[in-house]
Amino acid sequence: ARQLLSGSSSMLFWLGVVVAGLVIPLSVDAVCLRAPNPVVLAVGAACTLVGGACLRFALLMAAQRFCLAGMGVLAFWM
């Protein structure tokens with residue numbers, strides 16, 4: 001959790017998951033309750049997909065640690 005919230009994956013998490021995946025789609029839904037607009041709904045749907053992809057990538061990156069000697073990626077459990 002620390003890696004996602006304040007580590008090297010934090011920008012991807014906060015901008016990709018929280019902003020693009022949660023804040024923008026919820027804002028689009030609130031706006032479209034009053035006056036539905038297909039273009040705005042498409043933007044909200046695209047942001048939801050981007051946020052989901054960022055969530056998957058951020059979780060994968062947070063579960064890995066880097067080996068400084070070999071400059072390679074080690075699995076979390078090694």
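Guide: Buried means under 20% relative accessible area, exposed means over 50%, and partly exposed lies in between, with a 1.4 Å probe and protein chains only. This is a predicted model, in which local features need pLDDT of at least 70, side-chain atom pairs count only at pLDDT 80 or more, and totals for chains, interfaces and linings use all residues. Residues are numbered from 1 along each chain as its sequence is written, and side-chain values use heavy atoms, leaving out hydrogens and water.

Visitor: Why does Trp14 count as partly exposed?

Guide: Its relative accessibility is 39%, which lies between 20% and 50%, so Trp14 is partly exposed.

Visitor: What makes Phe13 count as buried?

Guide: Phe13 has 15% relative accessibility, which is under 20%, and therefore counts as buried.

Visitor: Why is the pair of Phe13 and Trp14 called edge-to-face?

Guide: Rings of Phe, Tyr and Trp (its six-membered ring) pair if their centres lie within 6.5 Å; planes under 30 degrees apart are stacked, over 60 edge-to-face, and the rest tilted. The count by this rule is 1 aromatic pair. Phe13 and Trp14 lie 5.2 Å centre to centre with 75 degrees between the planes, so their pair is edge-to-face.

Visitor: Why are Cys47 and Cys54 called buried?

Guide: The relative accessible area is 17% for Cys47 and 14% for Cys54; each value is under 20%, so both residues are buried.

Visitor: How many disulfides are counted?

Guide: A disulfide is a pair of cysteine sulfur atoms within 2.5 Å, and the count by this rule is 0.
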